[in-house]
Amino acid sequence: VLARFGIQFTNDNAHLKVKSPGMKKWNEPGSEILDCGNSGTTARLLTGLLSGLPFTVTLDGDESLRKRPMQRVLTPLINAGGIFTNQNSGKLPLTVHGQKIQAFNYSLPIPSAQVKSALIYAALNATGKSVITEAIPTRDHSERLAKLSHIRLYKHNNDIIVNPYKHRLMPFRFYVPSDPSAAAFWIAAALLGNKSKILLKNVSLNPRRIEMLRVLQKAGGHIQIQANKSFPEPMGDILVHSSKLKAFSLAKRQIPLLIDEIPLLALLATQATGVSILRHLTELKIKESDRLTAITENLSIIGLKSTRTDDTLIIEGPQTISGGEALTHGDHRIAMMMAVAGLISQDGIKIPDPECAKISDPFFFQEISSLQ
């Protein structure tokens with residue numbers, strides 16, 4: 001999508017070079033629809049950024065992305081003077097009629113790193129200083145990267161203060177650490193295995209990305225963390241040994257920090273001793289699939305019991321995993337969760353559409369097969 005605006009990308013093995021003329025000199029992308037694929041991050045962050053740029057563009061995505069809510073991004077932008085055309089009840093496809101937007105103050109009613117980042121990027125083209133308030137902390141990659149490019153962004157208590165973009169932003173070099181949400185599947189596999197051990201190198205140790213590690217350490221997981229870099233993204237190595245887990249519970253403030261890891265935590269709860277309670281899971285219903293339903297559905301398929309209320313899962317363990325055929329709903333995290341379950345199942349678990357895992361990791365099934 002960004003290439004359509006005249007940004008050049010050169011991929012040289014493990015290095016990606018990005019050359020931009022500067023946001024004020026981006027090209028008119030033309031009338032063709034901008035395809036966001038399966039990426040909610042792409043759709044929401046671009047909606048914020050493009051709302052204040054002088055282009056009229058239409059964002060769209062695949063069938064899954066068309067079901068995901070955009071209104072939580074649109075509402076504050078419309079209040080700031082953003083103009084949008086939408087015929088799908090606050091979902092994609094969405095036409096952005098970019099123009100200068102007004103400075104704004106907005107308190108996030110729902111903790112969402114994507115909405116927060118969309119508003120940060122919108123604020124870069126606002127008429128003055130904007131303030132975004134988040135009562136519950138969420139992932140902060142955008143704020144950390146802002147420091148590298150000299151964006152005038154500051155934090156004060158729960159407020160993020162963003163000044164408009166007036167001068168050329170500075171280019172930078174950045175080492176992209178391994179993704180904790182992708183690492184989570186290997187961590188779970190090691191914890192559940194018999195006399196197993198795995199070392200994961202150069203993983204992001206951002207404090208707002210490793211809540212799963214904290215939960216599992218408290219639950220008895222043998223997880224050692226060795227930091228080797230601190231700015232702008234702390235990173236390091238994670239050593240995991242097979243462990244006997246105890247039951248655990250999740251508090252409301254933890255959910256935004258481990259929302260992508262909930263399917264795995266539900267699986268791990270079935271193998272932990274005691275009753276685990278996972279609350280405040282409403283956001284799972286609007287991911288690539290209704291993940292809350294998909295979790296309970298798939299646990300049942302492989303012989304595992306769970307109790308669900310509207311936004312809560314109650315799981316008692318340990319239980320024996322029999323086997324069966326997963327219903328992934330094309331959701332990469334459900335497919336990968338079921339693959340990890342298959343490693344310790346009695347009869348094996350069939351994943352009918354393994355291709356969906358490529359969204360997270362193109363080599364996931366190739367690599368997981370090597371563990372057996």
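# Worked exercises on a predicted model

α8 is followed by Gly-303, and the phi of Gly-303 is positive, near 85°. Keep in mind that this is a predicted model.

**Exercise 1. Which residues of α8 are buried, and what covers them?**

Solution. 
- Step 1: go along the helix and pick out the buried positions, which are Arg-291, Leu-292, Ala-294, Ile-295, Thr-296, Asn-298 and Leu-299.
- Step 2: look at what sits over them.

**Exercise 2. Take Ile-295: is it buried or exposed, and which residues does it touch beyond four places in sequence?**

Solution. 
- Step 1: Ile-295 belongs to helix α8, which runs over residues 291–301.
- Step 2: check the accessibility. The cut-off for buried is under 20% relative accessible area. Ile-295 comes out at 0%, so it is buried.
- Step 3: list the partners, skipping anything up to four places away in sequence. You get Ile-262, Pro-263, Ala-266, Leu-284, Leu-313 and Ile-334.
- Step 4: Gln-226 is 69 residues from Ile-295 in sequence, and their C-alpha atoms are 32 Å apart in space.

**Exercise 3. Which residues touch the most other members of the largest nonpolar core, and which helix gives the largest share of this core?**

Solution. 
- Step 1: the largest nonpolar core has 64 residues, and those touching the most other members are Ile-187, Leu-216, Leu-250, Ile-262, Leu-265, Leu-278 and Val-340.
- Step 2: sort the core by element. Helix α5 (residues 180–192) supplies the largest share, with 10 residues.
- Step 3: Setting aside neighbours within four places in sequence, Leu-265 is in contact with Met-212, Val-215, Leu-216, Phe-248, Leu-250, Leu-258 and Leu-278.
- Step 4: A second, separate core holds 43 residues, among them Leu-46, Ile-132, Ala-146 and Val-162.

**Exercise 4. How do the axes of α5 and α7 cross, and which residues of the two helices meet?**

Solution. 
- Step 1: get the geometry. The two axes come within 10 Å and cross at roughly 5°.
- Step 2: Angles under 35 degrees count as roughly parallel, so α5 and α7 are roughly parallel to each other.
- Step 3: read off the contact. From α5 come Ala-184, Phe-185, Ala-188 and Leu-192, and they meet Leu-264, Leu-267 and Leu-268 of α7.
- Step 4: classify what you found. The contact of α5 with α7 has 7 nonpolar residues, no polar ones and no charged ones.

**Exercise 5. Two loop residues, Thr-312 and Asn-38: where does each lie, and is each buried or exposed?**

Solution. 
- Step 1: Thr-312 sits in the loop between β16 and β17. Its relative accessible area is 11%, so Thr-312 is buried.
- Step 2: find its contacts. The side chain of Thr-312 makes a polar contact with the side chain of Asp-311, at 3.1 Å. Apart from neighbours within four places in sequence, Thr-312 is in contact with Ile-277, Leu-278, Arg-279, His-280 and Thr-307.
- Step 3: repeat for Asn-38, which lies in the loop between β3 (34–35) and α1 (40–50). Asn-38 has 16% relative accessibility and so counts as buried.
- Step 4: with neighbours within four places in sequence left aside, Asn-38 is in contact with Asp-62, Ser-64, Leu-65, Arg-68, Glu-288 and Ile-359.

**Exercise 6. Where are Ser-89 and His-150, and what is the phi of each?**

Solution. 
- Step 1: recall the background. Most residues other than glycine have a negative phi, and most peptide bonds are trans.
- Step 2: Ser-89 has a positive phi, near 55°. Ser-89 lies in the loop between β5 and β6 and is exposed, with a relative accessible area of 68%.
- Step 3: His-150 also has a positive phi, of about 65°, without being a glycine. His-150 is in the loop between α4 (141–148) and β9 (153–156), and at 53% relative accessibility it counts as exposed.

**Exercise 7. Is the peptide bond from Leu-92 to Pro-93 cis or trans, and what about the one from Gly-317 to Pro-318: cis or trans?**

Solution. 
- Step 1: for Leu-92 to Pro-93, omega is near 0° and the bond is cis. Pro-93 lies in the loop between β5 (83–86) and β6 (94–97).
- Step 2: for Gly-317 to Pro-318, omega is near 0° and the bond is cis. Pro-318 is in the loop between β17 and β18 (323–325).

Notes
Residues numbered from 1 in each chain as written. Predicted model: local features only at pLDDT ≥ 70, side-chain atom pairs only at ≥ 80, totals over all residues. Heavy atoms only, no water. Helix = DSSP H or I, 4+ residues; strand = E, 2+ residues; numbered from the N terminus. Buried < 20%, exposed > 50% of the residue type's maximum accessible area, 1.4 Å probe, protein only. Contact = heavy atoms within 4.5 Å. Core = buried A, V, L, I, M, F, W, Y, C linked by side-chain atoms within 4.5 Å. Axes fitted to C-alpha atoms, helices over the stretch in contact; angles between N-to-C directions. Parallel < 35°, antiparallel > 145°, perpendicular 65-115°, else oblique. Nonpolar A, V, L, I, M, F, W, Y, C, P; charged D, E, K, R; others polar. Polar contact = N/O pair within 3.5 Å; in protein donor to acceptor, adjacent residues only side chain to side chain.
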